[in-house]
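Subject: Structure handover

Hello,

Here is the structure we talked about, with the sequence alongside. My notes on what was found in it follow below.

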Amino acid sequence: MGSHRTARAVIAAAVVTAITAAVVLIMGFAWSSGGDRAQVSYNAVDMRAQMLDNGDLRITQTFDYRLESRGTPWRQMFQQYTLSSDRLTTISDISVTDLTTGRKYTQDNTVHSPGSYGNAGWDSECAGRWYIADITQSESHPDPFDPELDALTATAVGEPAQTKDVEIGWNIPSTRSAKSMRFELAMTWHGVATAYDDVVALEWEPFSALNSTPAARVTGTFAFPKGISESNSWAWLHTGAASETTRLDDGLLQFTVTDLPGGEYINVVVMAERQPTSAVSREQAGRMKQRILEQERREARIASNARQREARGRLVIWLIPAVLALLLVVGALIGAKRACAQGRRHTEALEYWREPPDMSPAAAAALITDVMPGIQGSRDDRQMTSTLLSLVTKGAVAIYPGSAAGYRGLDLSCADCVSIGQLIASDPRREADAAGMCTLVIMPRVYTDRAGLQLCRSESALLDVLLRASERIGLPVFDFGQMQAALKDWRQGYAWLRGFEDACNAEYQALHATVPVGVGARMLGGAAMIALWLTAFIYTAAVGQVALALVISLPLLFAATFAAAISPRQAFTAQGEAYADQVGGLMRYMEDFSAFGDRGVFDTVLWGRYMVYAAAFGISDKLMEQMERAYPQLADPEWANVYASNDGLVYWSARRRAMRARGGAFGMHGMHAGGSFSSMVSNSFSSVGSRIRDAMPQSSSSGSRSGSRSSGGGGSFRSGGFKGHSGGSGGGRGGAR
């Protein structure tokens with residue numbers, strides 16, 4: 001019994017955990033690639049910046065665009081930058097190449113509005129050209145920009161600066177959507193660096209906080225002029241997104257930024273010792289090396305503290321529900337262990353019990369469910385069938401094979417089994433009719449001497465249901481088909497059926513065989529399951545950590561479900577263990593009866609009661625097989641006519657098996673319903689309760705990732721990016737229209 005419960009608990013826990021895991025993965029995928037995807041985004045961006053001896057930057061950027069479908073086609077890509085006289089005076093040497101097709105775009109001095117053309121006109125007149133324009137006054141009405149004539153005059157850092165916003169754009173063929181379109185933008189930024197007495201410094205900001213286009217991955221390199229190495233240069237990456245940085249021996253800075261959202265900047269701050277041959281045009285007196293180092297240390301420390309606070313806060317968010325759930329799970333497991341110990345039998349079960357148990361068939365049907373979980377048939381059906389058969393053995397009712405129409409003209413209240421059996425055997429049509437239908441007879445004694453029948457409460461309640469059915473039919477003789485038809489719309493029938501069910505429950509409770517256990521374990525397990533479903537939702541939806549849900553929530557969910565499922569609901573009392581020995585021992589005795597050599601003379605009265613309790617245990621067919629092995633003479637109809645005719649249950653089961661053996665219709669057609677007569681009664685009668693319940697009125701029915709990693713060699717701060725200051729030269733922001 002323990003291993004059976006354990007197996008069921010493991011299966012239940014595995015199913016619940018698997019379903020939850022599937023929901024978590026689906027939800028995580030929906031969150032990561034949901035319907036809020038930006039209409040234009042970068043699959044990847046690769047940037048290469050070479051610092052020139054004169055302080056300019058030669059920049060090559062490769063953009064891999066993803067364009068979602070919208071109402072109008074995409075026709076124009078652009079990158080916007082801010083010129084400032086103290087850090088970026090102009091942009092020249094521009095080239096644009098479509099890496100997808102290999103087409104090199106040509107410059108156009110006119111900025112064309114994408115909405116002013118049809119597809120054909122745009123593709124023929126505008127596509128394949130790039131432009132640079134001044135958008136300081138208006139993006140929708142840009143002014144011409146000449147990199148030489150309109151360049152800003154360089155001023156020193158700290159002095160009042162002039163600014164301009166420029167846009168570099170290129171016209172693409174009309175495109176509805178694209179998963180990938182790759183373009184290379186090359187250009188030279190002038191007047192970026194400033195030479196101080198001790199160092200040359202600059203800031204390069206390819207993406208500013210005003211950039212609204214997200215990027216899945218950004219990679220970049222920054223190279224110093226010849227003669228600058230890692231030992232005499234420094235570099236820092238400022239960004240709030242997850243990042244990695246690497247410095248190489250030649251001073252090269254490599255960085256990677258993942259999941260760059262719109263509104264997040266990338267700012268590269270570099271500094272190198274000033275060389276005697278320095279040709280940087282912007283010069284400023286003073287020593288800046290130590291000031292820049294201290295500023296970067298301070299910003300790195302502030303960013304580190306902010307990350308730690310954020311990490312601690314995130315850890316609290318992660319751990320508090322997990323710890324609470326863990327406590328609930330531990331409590332549920334402890335409670336389940338105690339409940340299992342309480343539910344374990346404290347006496348060694350009897351091997352066999354040879355007498356009918358000291359309880360009603362309905363109580364035995366309920367108790368065997370607790371003694372041997374997994375018993376065949378529902379408890380309600382076994383209670384109804386065994387109680388009906390008990391009424392037969394006590395003479396309250398009689399049951400004959402076949403429909404009531406086949407017995408028209410016969411007085412079944414005083415008929416004997418032998419004559420009915422001979423009547424059936426003499427007519428193939430009657431024999432076929434007897435294969436799948438039973439007729440019930442309410443015996444006259446019920447009306448004249450009901451008290452003398454000595455019925456228990458459940459037997460009396462079921463007899464009342466049969467009497468009400470007889471009243472609706474108008475006859476004391478009816479088959480189960482007639483009964484179902486009569487009860488189809490019997491809206492008050494549920495009250496009589498509930499009376500029978502209440503009587504069955506009362507008889508079982510009167511045994512005082514069990515006490516409730518495991519309530520605390522199931523409550524704690526259920527609370528833990530709810531908490532863990534909530535934590536899985538929080539981890540997946542709120543903080544975007546599917547891995548946490550899989551690693552923390554799901555194992556604990558398995559344990560919580562297991563604890564709730566394995567906890568027994570009832571434990572046997574000392575008196576209950578004695579009753580459990582009786583029903584368990586009797587069931588084993590019935591299943592192994594043919595192995596006993598001291599069984600004695602065939603006793604139809606005892607075997608009639610055996611068949612009642614076999615129906616309660618759901619083993620009617622097994623009992624009949626044991627009877628045939630122990631008493632082979634049952635297969636002889638003549639012997640059954642003489643020695644088994646005084647008990648209808650035994651007699652009709654014997655005749656049924658005998659006729660099946662010789663291929664008669666009664667036997668052959670009944671094989672699907674089981675080999676014993678009581679099995680056929682059970683299959684026919686079980687639908688009666690269902691039909692009553694079907695007529696029951698409804699009102700009466702029961703109730704993201706963050707932080708950084710680092711690698712590489714010395715000469716600079718060896719860390720990933722941190723949330724330092726922004727506002728470097730360029731202030732790039734891009735998109736498409």
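**Aromatic pairs and charges over rings**

Y117 has a relative accessibility of 24%, so this residue counts as partly exposed; W122, at 0%, counts as buried. For these classes, buried means under 20% relative accessible area, exposed means over 50%, and partly exposed is in between, with a 1.4 Å probe and protein chains only.

Before going further: the model is predicted, so to speak of a local feature requires pLDDT of at least 70, side-chain atom pairs count only at pLDDT 80 or more, and totals for chains, interfaces and linings use all residues. Residues are numbered from 1 along each chain as its sequence is written, and side-chain values use heavy atoms, with hydrogens and water left out.

A search of the whole structure gives 20 aromatic pairs. In one of them, the ring centres of Y117 and W122 are 5.7 Å apart and the planes are at 70°, so the pair is edge-to-face. Rings of Phe, Tyr and Trp (its six-membered ring) pair if their centres lie within 6.5 Å; planes under 30 degrees apart count as stacked, over 60 as edge-to-face and the rest as tilted. One aromatic cluster is formed by Y42, F63, Y65, Y105, W170, F183 and F207.

Y105 also has R103 over its face, at 5.7 Å from the ring centre. At F78, the charged end of R737 sits over the ring, 4.1 Å from its centre. The criterion is NZ of Lys or CZ of Arg within 6 Å of the ring centre and within 35 degrees of the ring normal.

**Strand β3**

Of the 11 residues of β3 (residues 74-84), 10 are buried, so the strand is largely enclosed by the rest of the structure. Helices (H or I, at least four residues) and strands (E, at least two) are DSSP runs, numbered from the N terminus. Strand β9 (residues 163-175) runs antiparallel to β3 and is joined to it by 10 bridges, with Q80 opposite E167. β3 also pairs with β24 (residues 730-736), in the antiparallel sense over five bridges; here M77 stands opposite A736. Two strands pair if DSSP finds at least two bridges between them.

**The three-stranded sheet**

An open sheet has the order β18-β19-β20, with antiparallel pairing. Its edge strands, β18 (397-401) and β20 (477-479), each pair on one side only. From one strand to the next, the twist averages 25°. Helix α9 (residues 457-473) packs on the sheet and touches β18, β19 and β20, its direction making about 100° with that of β19. Contact means heavy atoms within 4.5 Å; axes are lines fitted to C-alpha atoms, for helices over the stretch in contact, and angles run from 0 to 180 degrees between N-to-C directions. Helix α10 (residues 480-487) lies across β19 and β20, at about 90° to β20. Five bridges join β18 to β19 (residues 438-442), and V397 stands opposite I442.

**Two buried polar residues**

S390 lies in helix α5 (residues 379-393) and is buried, with a relative accessible area of 0%. Its side chain makes a polar contact of 2.4 Å with that of E459. A polar contact is a pair of N or O atoms within 3.5 Å; within protein, one must be able to donate a hydrogen and the other to accept it, and residues adjacent in sequence count only if both atoms are side-chain atoms.

N232 lies in the loop between β13 (215-223) and β14 (233-238) and is buried at 12% relative accessible area. A polar atom of the N232 side chain lies 2.8 Å from the backbone nitrogen of S229.

Regards
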